[in-house]
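Work through these exercises with the model open.

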Amino acid sequence: AGLEMRSFVISLASLSTVSSFRGISLLPFGSQQYAARHRLDSSRRRSVARFGSLRTFITETQSATFWQGGSTLKISRELHVENRANVLSRMKDPVDNSMIFMAGGTQQHRADTDHEILFRQESNFLYLFGVNLPDCYAAISIPSGKTTLFVPRLPESYKVWMGEIPPNSQLASQYLVDEVKYVDEINGFMQTHNPTVLYLYGGMNTDSGSFGQPARHPGVEGLRADTGLLHAALYEARAVKSPREIDIMRYANKVSSEAHVEVMRAARPGMMEYELEAIFHHHVHRRGGMRLLAYTAIC
(Lines give C-alpha, C1' and ligand atoms only; values in the text may rest on other atoms or scores of the structure.)
Protein backbone atom coordinates (compact mmCIF):
# COMPACT_ATOMS: atom_id res chain seq x y z
CA ALA A 1 0.00 0.00 0.00
CA GLY A 2 1.23 3.44 -0.69
CA LEU A 3 1.25 6.41 -2.98
CA GLU A 4 4.09 7.80 -4.96
CA MET A 5 4.15 11.11 -6.84
CA ARG A 6 7.29 10.75 -8.89
CA SER A 7 7.79 14.00 -10.71
CA PHE A 8 10.22 16.84 -10.28
CA VAL A 9 8.38 17.29 -7.05
CA ILE A 10 8.02 14.54 -4.47
CA SER A 11 8.09 10.83 -3.84
CA LEU A 12 5.95 9.32 -1.12
CA ALA A 13 5.93 5.62 -1.98
CA SER A 14 8.17 4.30 0.77
CA LEU A 15 6.08 5.66 3.62
CA SER A 16 4.01 3.11 5.50
CA THR A 17 1.80 5.94 6.78
CA VAL A 18 0.23 6.44 3.34
CA SER A 19 -2.23 3.67 2.60
CA SER A 20 -5.60 2.54 1.27
CA PHE A 21 -5.23 3.20 -2.47
CA ARG A 22 -2.93 2.43 -5.35
CA GLY A 23 -0.77 5.42 -6.20
CA ILE A 24 0.24 6.98 -9.47
CA SER A 25 3.16 9.08 -10.50
CA LEU A 26 4.22 12.08 -12.54
CA LEU A 27 7.08 12.10 -15.01
CA PRO A 28 7.46 14.11 -18.23
CA PHE A 29 8.05 12.53 -21.61
CA GLY A 30 11.69 11.45 -21.63
CA SER A 31 14.60 10.42 -23.70
CA GLN A 32 13.54 7.01 -25.02
CA GLN A 33 10.62 8.36 -27.05
CA TYR A 34 12.68 11.26 -28.36
CA ALA A 35 15.44 8.93 -29.50
CA ALA A 36 13.04 6.50 -31.16
CA ARG A 37 11.10 9.25 -32.92
CA HIS A 38 14.21 10.78 -34.44
CA ARG A 39 16.04 7.47 -35.00
CA LEU A 40 19.24 8.68 -33.40
CA ASP A 41 22.35 6.56 -33.65
CA SER A 42 23.66 4.85 -30.49
CA SER A 43 26.01 7.61 -29.31
CA ARG A 44 23.38 10.30 -29.81
CA ARG A 45 20.72 8.18 -28.10
CA ARG A 46 22.96 7.85 -25.07
CA SER A 47 23.47 11.62 -24.96
CA VAL A 48 19.74 12.28 -25.21
CA ALA A 49 18.97 9.55 -22.68
CA ARG A 50 21.15 11.14 -20.06
CA PHE A 51 20.01 14.68 -20.54
CA GLY A 52 16.66 14.43 -22.33
CA SER A 53 14.51 15.19 -19.31
CA LEU A 54 16.18 18.59 -19.00
CA ARG A 55 14.53 19.68 -22.27
CA THR A 56 11.11 18.88 -20.91
CA PHE A 57 11.93 20.76 -17.74
CA ILE A 58 13.08 23.86 -19.61
CA THR A 59 10.10 23.99 -21.96
CA GLU A 60 7.40 23.11 -19.44
CA THR A 61 8.39 25.23 -16.47
CA GLN A 62 10.25 28.50 -16.65
CA SER A 63 9.62 29.37 -13.01
CA ALA A 64 9.96 27.67 -9.65
CA THR A 65 6.74 25.75 -10.26
CA PHE A 66 6.26 22.24 -11.59
CA TRP A 67 3.33 21.97 -14.00
CA GLN A 68 2.48 19.42 -16.69
CA GLY A 69 0.10 21.79 -18.46
CA GLY A 70 -3.66 21.66 -18.97
CA SER A 71 -5.65 20.90 -15.84
CA THR A 72 -2.78 19.17 -14.04
CA LEU A 73 -1.71 20.33 -10.61
CA LYS A 74 0.69 23.26 -10.27
CA ILE A 75 3.19 22.64 -7.48
CA SER A 76 5.50 25.30 -6.05
CA ARG A 77 9.09 24.22 -5.53
CA GLU A 78 8.89 25.96 -2.18
CA LEU A 79 7.79 22.48 -1.14
CA HIS A 80 11.40 21.29 -1.29
CA VAL A 81 12.72 24.33 0.56
CA GLU A 82 10.28 23.44 3.35
CA ASN A 83 11.29 19.78 3.21
CA ARG A 84 14.96 20.63 3.63
CA ALA A 85 14.25 22.90 6.58
CA ASN A 86 12.10 20.17 8.13
CA VAL A 87 14.86 17.57 7.85
CA LEU A 88 17.51 19.94 9.21
CA SER A 89 15.30 20.69 12.23
CA ARG A 90 15.17 16.96 12.99
CA MET A 91 18.92 16.39 12.82
CA LYS A 92 19.82 15.72 16.44
CA ASP A 93 22.95 17.56 17.56
CA PRO A 94 24.76 17.72 14.20
CA VAL A 95 28.42 18.71 14.23
CA ASP A 96 29.20 22.32 13.27
CA ASN A 97 30.76 22.85 9.85
CA SER A 98 29.22 19.57 8.71
CA MET A 99 27.31 18.83 5.52
CA ILE A 100 24.57 16.61 4.12
CA PHE A 101 25.75 15.01 0.88
CA MET A 102 23.38 12.99 -1.30
CA ALA A 103 23.47 11.28 -4.67
CA GLY A 104 20.53 11.15 -7.04
CA GLY A 105 19.61 8.23 -9.26
CA THR A 106 21.72 7.18 -12.22
CA GLN A 107 20.69 6.51 -15.80
CA GLN A 108 20.52 2.74 -16.33
CA HIS A 109 20.57 0.60 -19.48
CA ARG A 110 18.95 -2.77 -20.07
CA ALA A 111 21.65 -5.41 -19.68
CA ASP A 112 24.40 -4.78 -22.26
CA THR A 113 22.20 -2.94 -24.75
CA ASP A 114 21.96 0.76 -25.55
CA HIS A 115 18.30 0.74 -24.50
CA GLU A 116 17.79 3.32 -21.76
CA ILE A 117 15.55 2.27 -18.88
CA LEU A 118 13.07 5.02 -18.09
CA PHE A 119 14.71 7.14 -15.41
CA ARG A 120 13.16 7.47 -11.96
CA GLN A 121 14.76 9.66 -9.33
CA GLU A 122 15.83 8.32 -5.94
CA SER A 123 12.95 9.10 -3.60
CA ASN A 124 14.77 10.98 -0.85
CA PHE A 125 16.74 13.06 -3.36
CA LEU A 126 13.49 14.02 -5.05
CA TYR A 127 11.88 14.84 -1.70
CA LEU A 128 14.68 17.22 -0.73
CA PHE A 129 15.54 18.85 -4.06
CA GLY A 130 12.74 18.22 -6.59
CA VAL A 131 15.30 17.42 -9.28
CA ASN A 132 14.45 14.74 -11.83
CA LEU A 133 17.72 14.80 -13.78
CA PRO A 134 19.94 11.70 -13.63
CA ASP A 135 23.48 11.55 -12.23
CA CYS A 136 23.20 14.55 -9.91
CA TYR A 137 24.48 15.20 -6.39
CA ALA A 138 23.55 17.79 -3.78
CA ALA A 139 24.99 19.21 -0.57
CA ILE A 140 23.36 21.07 2.33
CA SER A 141 25.66 22.98 4.67
CA ILE A 142 25.01 22.76 8.41
CA PRO A 143 23.93 24.89 10.19
CA SER A 144 23.35 27.50 7.44
CA GLY A 145 21.19 25.28 5.23
CA LYS A 146 22.91 26.60 2.08
CA THR A 147 22.10 24.16 -0.72
CA THR A 148 24.33 23.32 -3.67
CA LEU A 149 23.14 21.18 -6.58
CA PHE A 150 25.69 19.41 -8.78
CA VAL A 151 24.57 18.58 -12.32
CA PRO A 152 26.41 16.77 -15.14
CA ARG A 153 28.31 19.03 -17.50
CA LEU A 154 26.40 18.74 -20.79
CA PRO A 155 28.35 18.18 -24.01
CA GLU A 156 28.13 20.65 -26.86
CA SER A 157 26.32 18.02 -28.93
CA TYR A 158 23.34 18.46 -26.59
CA LYS A 159 22.50 21.76 -28.30
CA VAL A 160 22.09 20.09 -31.68
CA TRP A 161 19.31 17.80 -30.53
CA MET A 162 17.82 19.45 -27.46
CA GLY A 163 18.39 23.20 -27.69
CA GLU A 164 20.36 25.68 -25.65
CA ILE A 165 21.88 24.59 -22.35
CA PRO A 166 20.56 26.74 -19.49
CA PRO A 167 23.17 28.47 -17.33
CA ASN A 168 23.58 27.19 -13.80
CA SER A 169 22.16 30.44 -12.44
CA GLN A 170 18.89 29.68 -14.23
CA LEU A 171 18.77 26.16 -12.80
CA ALA A 172 19.39 27.57 -9.32
CA SER A 173 16.40 29.90 -9.68
CA GLN A 174 14.15 27.18 -11.04
CA TYR A 175 15.06 24.60 -8.42
CA LEU A 176 15.23 27.13 -5.57
CA VAL A 177 18.73 26.17 -4.46
CA ASP A 178 21.51 28.58 -3.51
CA GLU A 179 23.91 27.55 -6.26
CA VAL A 180 24.39 25.02 -9.02
CA LYS A 181 27.78 23.56 -9.90
CA TYR A 182 28.95 20.73 -12.10
CA VAL A 183 29.59 17.22 -10.84
CA ASP A 184 33.23 17.52 -11.89
CA GLU A 185 33.56 20.41 -9.40
CA ILE A 186 32.72 18.31 -6.33
CA ASN A 187 36.38 17.65 -5.52
CA GLY A 188 37.24 21.35 -5.37
CA PHE A 189 34.02 22.14 -3.49
CA MET A 190 34.86 19.66 -0.74
CA GLN A 191 38.45 20.85 -0.51
CA THR A 192 37.26 24.43 -0.11
CA HIS A 193 34.62 23.70 2.54
CA ASN A 194 36.42 20.80 4.25
CA PRO A 195 33.36 19.62 6.24
CA THR A 196 34.04 18.07 9.64
CA VAL A 197 31.41 15.38 9.03
CA LEU A 198 29.48 14.31 5.95
CA TYR A 199 25.97 13.07 6.70
CA LEU A 200 25.14 10.44 4.09
CA TYR A 201 21.91 8.57 3.52
CA GLY A 202 22.08 4.94 4.66
CA GLY A 203 20.22 2.57 6.91
CA MET A 204 17.37 0.14 6.28
CA ASN A 205 14.01 0.85 4.68
CA THR A 206 11.67 -0.99 7.04
CA ASP A 207 9.04 -1.50 4.31
CA SER A 208 11.36 -3.36 1.94
CA GLY A 209 14.15 -4.52 4.24
CA SER A 210 16.65 -3.06 1.75
CA PHE A 211 19.41 -0.65 2.66
CA GLY A 212 19.99 2.80 1.22
CA GLN A 213 23.25 3.38 -0.61
CA PRO A 214 25.37 6.27 0.73
CA ALA A 215 26.61 8.75 -1.85
CA ARG A 216 29.97 7.82 -3.34
CA HIS A 217 32.28 10.17 -5.19
CA PRO A 218 36.07 10.52 -5.32
CA GLY A 219 35.74 14.02 -3.86
CA VAL A 220 34.40 12.72 -0.53
CA GLU A 221 36.76 9.80 0.00
CA GLY A 222 38.66 10.11 3.26
CA LEU A 223 36.16 12.49 4.88
CA ARG A 224 34.49 11.44 8.11
CA ALA A 225 31.01 10.09 7.34
CA ASP A 226 27.85 9.35 9.32
CA THR A 227 25.04 7.27 7.77
CA GLY A 228 22.63 7.17 10.69
CA LEU A 229 21.59 10.70 11.61
CA LEU A 230 20.30 11.77 8.18
CA HIS A 231 18.39 8.51 7.71
CA ALA A 232 16.50 8.99 10.98
CA ALA A 233 15.74 12.66 10.27
CA LEU A 234 14.45 11.93 6.76
CA TYR A 235 12.10 9.18 7.90
CA GLU A 236 10.72 11.30 10.71
CA ALA A 237 10.19 14.25 8.37
CA ARG A 238 8.49 12.21 5.65
CA ALA A 239 6.14 10.54 8.12
CA VAL A 240 4.37 13.86 8.78
CA LYS A 241 2.77 15.47 5.73
CA SER A 242 2.74 19.21 5.15
CA PRO A 243 -0.30 21.02 3.65
CA ARG A 244 1.47 21.11 0.27
CA GLU A 245 2.08 17.38 0.38
CA ILE A 246 -1.52 16.69 1.36
CA ASP A 247 -2.71 18.69 -1.65
CA ILE A 248 -0.52 16.52 -3.91
CA MET A 249 -1.82 13.34 -2.32
CA ARG A 250 -5.42 14.48 -2.80
CA TYR A 251 -4.76 15.25 -6.45
CA ALA A 252 -3.12 11.88 -7.06
CA ASN A 253 -5.97 10.11 -5.31
CA LYS A 254 -8.50 12.03 -7.42
CA VAL A 255 -6.88 11.07 -10.72
CA SER A 256 -6.33 7.48 -9.58
CA SER A 257 -9.96 7.17 -8.48
CA GLU A 258 -11.18 8.51 -11.83
CA ALA A 259 -9.00 5.96 -13.61
CA HIS A 260 -10.48 3.13 -11.54
CA VAL A 261 -13.96 4.30 -12.54
CA GLU A 262 -12.94 4.29 -16.21
CA VAL A 263 -11.71 0.71 -15.82
CA MET A 264 -15.02 -0.35 -14.28
CA ARG A 265 -17.01 1.34 -17.04
CA ALA A 266 -15.02 -0.41 -19.75
CA ALA A 267 -14.90 -3.87 -18.17
CA ARG A 268 -16.70 -6.56 -20.16
CA PRO A 269 -16.82 -10.36 -19.94
CA GLY A 270 -13.94 -11.91 -21.80
CA MET A 271 -11.60 -8.91 -21.59
CA MET A 272 -7.98 -9.56 -20.74
CA GLU A 273 -6.36 -7.98 -17.70
CA TYR A 274 -3.82 -6.13 -19.84
CA GLU A 275 -6.68 -4.33 -21.59
CA LEU A 276 -7.99 -3.00 -18.28
CA GLU A 277 -4.49 -2.08 -17.19
CA ALA A 278 -4.03 -0.14 -20.44
CA ILE A 279 -7.19 1.86 -19.73
CA PHE A 280 -5.88 2.80 -16.30
CA HIS A 281 -2.48 3.81 -17.69
CA HIS A 282 -4.08 5.86 -20.45
CA HIS A 283 -6.29 7.85 -18.10
CA VAL A 284 -3.66 8.76 -15.50
CA HIS A 285 -1.14 9.68 -18.19
CA ARG A 286 -3.47 11.66 -20.45
CA ARG A 287 -5.55 13.36 -17.77
CA GLY A 288 -3.07 13.62 -14.93
CA GLY A 289 0.28 13.86 -16.72
CA MET A 290 1.32 10.81 -14.70
CA ARG A 291 3.54 8.57 -16.75
CA LEU A 292 4.68 6.06 -14.16
CA LEU A 293 2.81 4.07 -11.54
CA ALA A 294 4.01 3.71 -7.98
CA TYR A 295 3.39 -0.03 -8.19
CA THR A 296 2.79 -2.60 -10.90
CA ALA A 297 -0.93 -3.08 -11.50
CA ILE A 298 -2.47 -6.17 -9.90
CA CYS A 299 -5.97 -5.94 -11.41
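The protein has 10 helices and 8 strands; helices (H or I, at least four residues) and strands (E, at least two) are DSSP runs, numbered from the N terminus. This is a predicted model: local features need pLDDT of at least 70, side-chain atom pairs need 80 or more, and totals for chains, interfaces and linings use all residues. Residues are numbered from 1 along each chain as its sequence is written, and side-chain values use heavy atoms, without hydrogens and water.

**Exercise 1.** Find how helices α3 and α9 are oriented to each other.

Step 1. Locate α3 (residues 78-89) and α9 (residues 243-266).
Step 2. Compare their axes, which are lines fitted to C-alpha atoms over the stretch in contact, with angles from 0 to 180 degrees between N-to-C directions. The axes come within 10 Å and cross at roughly 125°.
Step 3. Classify the angle: under 35 degrees is roughly parallel, over 145 roughly antiparallel, 65 to 115 roughly perpendicular, the rest oblique. α3 and α9 are therefore oblique.

**Exercise 2.** Which residues of α3 meet α9?

Step 1. Apply the contact rule: heavy atoms within 4.5 Å.
Step 2. From α3, take Glu-78, Leu-79, Glu-82 and Asn-83. Their partners in α9 are Arg-244, Glu-245 and Ile-248.

**Exercise 3.** Which residues touch the most other members of the largest nonpolar core?

Step 1. Define the core: buried (under 20% relative accessible area, 1.4 Å probe, protein chains only) Ala, Val, Leu, Ile, Met, Phe, Trp, Tyr and Cys residues joined through side-chain atoms within 4.5 Å.
Step 2. Among its 29 residues, pick Met-102, Leu-149 and Leu-230.
Step 3. Note the largest share: α8 gives 5 residues.

Notes. Buried means under 20% relative accessible area, exposed over 50%, partly exposed in between (1.4 Å probe, protein chains only).
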